[in-house]
Amino acid sequence: MIAGSNGLATNQNLHLRIPSKSALCPRCTSSESQEHIFLLCPFAEAIWLGSELNEWSRNLPKASVRLFWNALVDRLAAQADKMNLLAKCVLLFWSIWRAQNALIFSDIDSDPMVVIQAAINFGIDFSAISNQQVRTRVRAECTAVWTPPPLHVFKINFDGAYLKESLEGVGACVVRDHTGRVSHSCARRFTNVTSPAMIKALALREAILLAHRIRLINPIFEGDAKTIIEAAGSDASAGGDCDVIIAYVSVLVIIALSLNTEIVIGWLMT
Ligand SMILES: [Zn+2]
C-alpha cells in the first residue's frame, strides 16, 4: 500500500529516532503522522475537498491511510472507471507528499489548488504516455523455463513470498543480461500484506524501482502472477486490496521511469 506500512519519513517517525527533531506538522503544529499529512491536516482536507475525488473520499475513515484506502476501494467497487479514479487518488497522495517535502526542504508553501492542479497534470501526462508509448504489452504465452532476453536487453524476474500467519511477505527481483548473468538484485520485507497477490504486486513495484535506479532502458519484467501482470498493463481488476497496489504500480511506472518505450511483461508458469 502506498503508505500503509507507516514507513514514510514523517516528523512523527523521525522524532522517534531523533528526539531533537520536532514531531509536529510544519503547517498546523499537530503531530505529523502519515494520516495527518495525507488526510487530517487542514491543508490535506482542503485538497481532498477541492479535488474531483471529493465525492468519493467524503466521510471515509481517516484513522489510518490503510483504512481510508480500503474503504475507498470498497466504495468504488461498482464503478466502471474504478482504476482511473484509484490512479487519480494515488496521484493526489503523491502530490500532497511532494508539497509537504517542498515545505520542509525548500520552504515552499504550496496553495491547495496548486497541489490539485499538479496531480491533474501528472494524470494528463500519465494517460498521454500510457495511451501512446508505454502501453504495457502482456506476452501472449507463458513459458515453463527461464529464457534469456535478447542482446542488450535486461530481464527482471520478480517474485514474492507470503506468510499468512504474520501478514508478512518478502518481494525480490533479479536482473539478468542476455547471457543469464545476474547484474543486480534486491529483496525487501513488507508488513501488513493481506494476500499472496499483494506481495507479488509489491515485488513488481520493487522491480520497477530497481529498473529506475540502475537506469535500465526497455527492460522486460517477468513474474509468475498472471493476474497482477495483466492488471498492471490494463484497466482490468486483480480484485480486493490488490487494486490499490496495481493503481500505484501503474502510476509508479510513469513517475519512476520516464519511459517512452514499450515495456514487455511476461510471466513464468509455476
Ligand atoms: Zn498539519
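Helices (H or I, at least four residues) and strands (E, at least two) are DSSP runs, numbered from the N terminus. By that rule the protein chain holds 10 helices and six strands. This is a predicted model: local features need pLDDT of at least 70, side-chain atom pairs count only at pLDDT 80 or more, and totals for chains, interfaces and linings use all residues. Residues are numbered from 1 along each chain as its sequence is written.

Start with burial. A residue is buried if 20 or more other C-beta atoms lie within 10 Å of its own, exposed if 12 or fewer, and partly exposed in between; C-beta atoms are placed from the backbone. Of the 270 residues of the protein chain, 40% count as buried. Next, contacts. Two residues are in contact if their C-beta atoms, placed from the backbone, lie within 7 Å. Take the contacts between residues at least 6 apart in sequence: 65% of them join residues at least 24 apart.

Now the cores. A nonpolar core is a set of buried Ala, Val, Leu, Ile, Met, Phe, Trp, Tyr and Cys residues joined through C-beta atoms within 7 Å. In soluble globular proteins, nonpolar side chains tend to be buried together. The largest core here has 29 residues. Phe 38, Ala 44, Ile 47, Cys 89, Leu 92 and Ile 96 touch the most other members. Two or more residues come from each of helix 2 (34–40), helix 3 (42–50), helix 5 (65–75), helix 6 (82–106) and helix 7 (112–132). Helix 6 gives the largest share, 10 residues. Ile 47 shows the contacts of one member. Leaving aside residues up to four places away in sequence, Ile 47 touches Leu 92, Ile 96, Pro 112, Val 115 and Ile 116.

Turn to helix 5. Its buried residues are Val 65, Arg 66, Phe 68, Trp 69, Leu 72 and Val 73. Seen down the helix axis, they fall within an arc of 160 degrees, so they line one face of helix 5. That arc is taken over the directions from the helix axis to the C-beta atoms. Ala 71 is also found in helix 5. Ala 71 counts as partly exposed because it has 16 C-beta neighbours inside 10 Å. It touches Leu 60 and Pro 61, not counting residues up to four places away in sequence. Ala 71 and Trp 56 are 15 residues apart in sequence, and their C-alpha atoms are 9.8 Å apart.

Look back to helix 1 (residues 11–17), where Leu 14 is found. Leu 14 has 16 C-beta neighbours inside 10 Å, so it counts as partly exposed. Leu 14 and Glu 32 are 18 residues apart in sequence and 9.9 Å apart in space, C-alpha to C-alpha.

The strands come next. Two strands pair if DSSP finds at least two bridges between them. Strand 2 (residues 155–163) and strand 3 (residues 168–176) run antiparallel, joined by nine bridges. Phe 158 has Cys 173 in strand 3 as its bridge partner. Gly 160 stands opposite Gly 171 in strand 3. Four residues lie between the strands of this hairpin, where Leu 167 takes a positive phi near 55 degrees. Strand 2 is mostly covered, with seven of its nine residues buried.

Strand 3 also pairs with strand 4 (residues 182–190), antiparallel over eight bridges. Gly 169 stands opposite Phe 190 in strand 4. The hairpin of strand 3 and strand 4 has five residues between the strands, and Gly 180 takes a positive phi near 95 degrees there. Strand 2 has a parallel partner, strand 5 (residues 220–223), through three bridges. Lys 155 stands opposite Ile 220 in strand 5.

Finish at helix 8 (residues 196–213). The expected span of a helix is 1.5 Å times one less than its number of residues. For the 18 residues of helix 8 that gives 26 Å, which agrees with its end C-alpha atoms, 26 Å apart. Helix 8 is mostly covered: 14 of its 18 residues are buried. Just after helix 8, Arg 215 takes a positive phi of about 60 degrees.
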